[in-house]
Amino acid sequence: MFDPDIAPSGTLLGLLQRGRGDGTLHALAAPRAEALAALNASVLRDPRRDWQVENRSLYYARLYMQLDGGLQEIERHLFHADDLTDTGEERTGLALAVLGHLAAYGRDAARLLLRSYAAVGSNWRWALDELALRDDDAGLLGLAPAVLARFPETPEGDALLAAAVRDAFEPRPWRLWAEDPRYRARLAAAGEQGSFDRWQRQLRPRGPRPGWSVAEVLEWAQQEREPRPDEHRYLAAARCLSAVAGPEDRAELLRAGRGGPDAARAAVLHHLAERGDPEALDLIEAAVTDPLATEPLVAAALSSYERMRGAAAVERARLWAARADRLGGSAAAVLARRGDRRDADLVLAALRRTVREEGPDVCALWELVDGAGRLGISCAAPVLRHIYRETSSSHLRGLAAAALAVTDPGFAAGFAVECLWDCEEHTRELAARHAATADDRVVEQLRRLAADPAEEAEVQTAVRARFGPDASAV
């Protein structure tokens with residue numbers, strides 16, 4: 001994850017970077033050169049805060065098709081000299097994914113560009129995966145010499161080749177090449193080596209191996225933390241405690257939970273919280289409010305609390321949720337997820353406070369926005385609309401749209417319309433179920449979604465469920 005440079009939400013560039021449906025609608029109404037400039041800027045510098053939960057590639061590919069946009073800017077970006085030094089996937093991954101969708105739509109130039117980049121580019125694996133889904137056998141066979149030349153016929157090169165075959169996301173090209181007599185022997189050996197590597201990892205697991213007692217597990221947790229402070233080893237230690245700790249060890253665990261070293265203390269808090277120990281909540285509060293507590297310990301304590309499922313955790317959340325600190329934030333998240341109607345005011349207050357103090361992009365809003373919809377808090381609609389418009393996270397915007405569908409009577413004729421063009425499939429699915437058809441654009445877009453082979457099945461199912469199995473009847 002990283003912090004992208006996002007333009008204001010009222011600009012065309014800002015709308016496209018966010019993946020909003022209004023981005024497409026404004027781009028189609030804007031001068032073509034201006035729209036293409038904003039589109040290229042969005043594709044060439046990935047605007048997503050977290051590419052693992054946010055989609056943009058199909059959204060941008062569709063707009064390229066609608067604007068009949070050329071691929072010269074993408075080509076210059078892919079083959080820029082920076083590709084030799086900046087080899088991270090985040091530099092080229094979005095552009096390659098867009099090319100993949102364009103190739104699926106029949107743009108031969110996109111397919112040829114992917115082939116060229118797979119042959120010489122640093123992020124060739126991503127390009128090859130896109131081609132594995134869209135290219136024909138002849139095109140993939142033509143890439144074999146360039147790809148295999150990346151792995152010299154040395155022990156080191158053979159080891160790298162075995163790892164590439166083993167870890168390939170899309171195995172089709174490798175299987176196709178293995179059928180070619182020119183490459184069969186080498187790829188067969190690479191496949192065997194990859195299988196052997198998996199067997200070795202299973203035979204000699206590198207997992208935690210502390211001694212078989214509570215004291216030894218806690219000692220191991222702290223020893224393991226010191227050389228690797230960024231790893232959450234306390235979770236592994238907590239799992240070990242679940243196997244070795246018995247009722248007779250509770251006093252020792254409570255002592256460590258009150259004042260042990262950070263990693264051991266975090267492991268104990270997680271262990272006690274998982275079991276709903278009556279002392280767990282007090283120990284968590286003490287850890288979070290301790291002015292000398294380190295950030296890893298506070299984060300571990302809050303995580304342990306948010307995982308608790310018992311009624312006691314909800315009752316304590318009602319006491320903590322009014323706090324303006326991180327403990328109050330976690331308590332509000334628990335109420336948003338597991339509270340009932342009596343908790344609506346606390347969740348709403350936390351939602352407003354979080355937006356006011358931290359802005360519309362923080363991950364803490366995910367639970368609160370979802371909770372506002374789950375609890376049906378109608379007076380949350382204004383702040384939900386603000387989050388919808390301003391957040392740079394398309395995932396959070398989708399949550400806000402779902403909450404607005406429950407809390408805002410004007411959603412069907414308002415935001416639901418633009419959601420039909422949203423970058424997130426779940427948001428488009430929501431819109432397909434709610435958008436008012438009085439707007440001619442809605443009917444036209446529903447037909448388009450129903451006929452688009454690249455559209456997700458859930459979205460097309462929503463269209464058919466609303467208008468019947470014959471999408472042409474929309």
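Where is the place of D68? In this predicted model, D68 lies in the loop between α4 (57-67) and α5 (72-78). Most residues other than glycine have a negative phi. D68 is not a glycine, yet its phi is positive, at about 50°. The residue is also exposed, since the relative accessible area of D68 is 57%.

The protein as a whole has 28 helices and zero strands. Its C-alpha trace spans about 70 × 65 × 45 Å along the principal axes. Of the 474 residues, 50% count as buried. Among contacts with a separation of 6 or more, 66% are accounted for by residues 24 or more positions apart.

Two packed helices are described by the angle between their axes and the distance between the axes. Helix α7 (residues 108-120) and helix α8 (residues 124-134) have axes that come within 8 Å and cross at roughly 140°. This angle makes α7 oblique to α8, and the crossing of the two helices is left-handed. On the α7 side the contact involves R111, L114, R115, Y117 and A118, which meet W124, A127, L128, E130, L131 and R134 of α8. By class, the contact of α7 with α8 comprises seven nonpolar and four charged residues, with no polar ones.

The axes of helix α20 (residues 326-338) and helix α21 (residues 344-358) come within 9 Å, with a crossing angle of roughly 130°. The helices α20 and α21 are therefore oblique to each other. Their crossing is left-handed. The contact is made by A332, L335 and A336 from α20, together with L346, V347 and A350 from α21. In this contact of α20 with α21 there are six nonpolar residues, no polar residues and no charged residues.

Helix α26 (residues 425-434) packs with helix α28 (residues 457-467) at an angle of about 5°, and the axes are 8 Å apart. Because angles under 35 degrees count as roughly parallel, α26 is roughly parallel to α28. Residues E425, R428, E429, A431, A432, R433 and H434 of α26 meet E458, V459, A462, V463, A465 and R466 of α28. The contact of α26 with α28 divides into six nonpolar, one polar and six charged residues.

Which residues of helix α19 (residues 311-320) are buried? They are A313, V314, R316, A317, R318 and W320. The buried residues of α19 pack against α17 (280-289) and α18 (295-306), and also against α20 and α21.

Residue A364 is placed in helix α22 (residues 364-374). With a relative accessible area of 42%, A364 is partly exposed. A364 and T354 are 10 residues apart along the chain, and their C-alpha atoms are separated by 7.7 Å.

A7 is found in the segment before α1 (12-18). Is A7 buried or exposed? The relative accessibility of A7 is 14%, and the residue counts as buried. Apart from neighbours within four places in sequence, A7 is in contact with L13, G14, Q17 and R18. Between A7 and R307 there are 300 residues of separation in sequence and 36 Å in space, C-alpha to C-alpha.

How many disulfides does the structure hold? The structure holds zero disulfides. A disulfide requires cysteine sulfur atoms within 2.5 Å. For C363, the closest cysteine sulfur is that of C423, at 16 Å, which is too far for a bond. C363 counts as partly exposed, at 47% relative accessibility. C379 is also partly exposed, with a relative accessible area of 43%.

How values were computed:
Residues are numbered from 1 along each chain as its sequence is written. This is a predicted model: local features need pLDDT of at least 70, side-chain atom pairs count only at pLDDT 80 or more; totals for chains, interfaces and linings use all residues. Side-chain values use heavy atoms; hydrogens and water are left out. Axes are lines fitted to C-alpha atoms, for helices over the stretch in contact, and angles run from 0 to 180 degrees between N-to-C directions. Helices (H or I, at least four residues) and strands (E, at least two) are DSSP runs, numbered from the N terminus. Angles under 35 degrees count as roughly parallel, over 145 as roughly antiparallel, 65 to 115 as roughly perpendicular and the rest as oblique. A crossing is left-handed if the near helix is turned anticlockwise from the far one by less than a right angle, and right-handed if clockwise. Contact means heavy atoms within 4.5 Å. Ala, Val, Leu, Ile, Met, Phe, Trp, Tyr, Cys and Pro count as nonpolar, Asp, Glu, Lys and Arg as charged, and the others, Gly among them, as polar. Buried means under 20% relative accessible area, exposed over 50%, partly exposed in between (1.4 Å probe, protein chains only).
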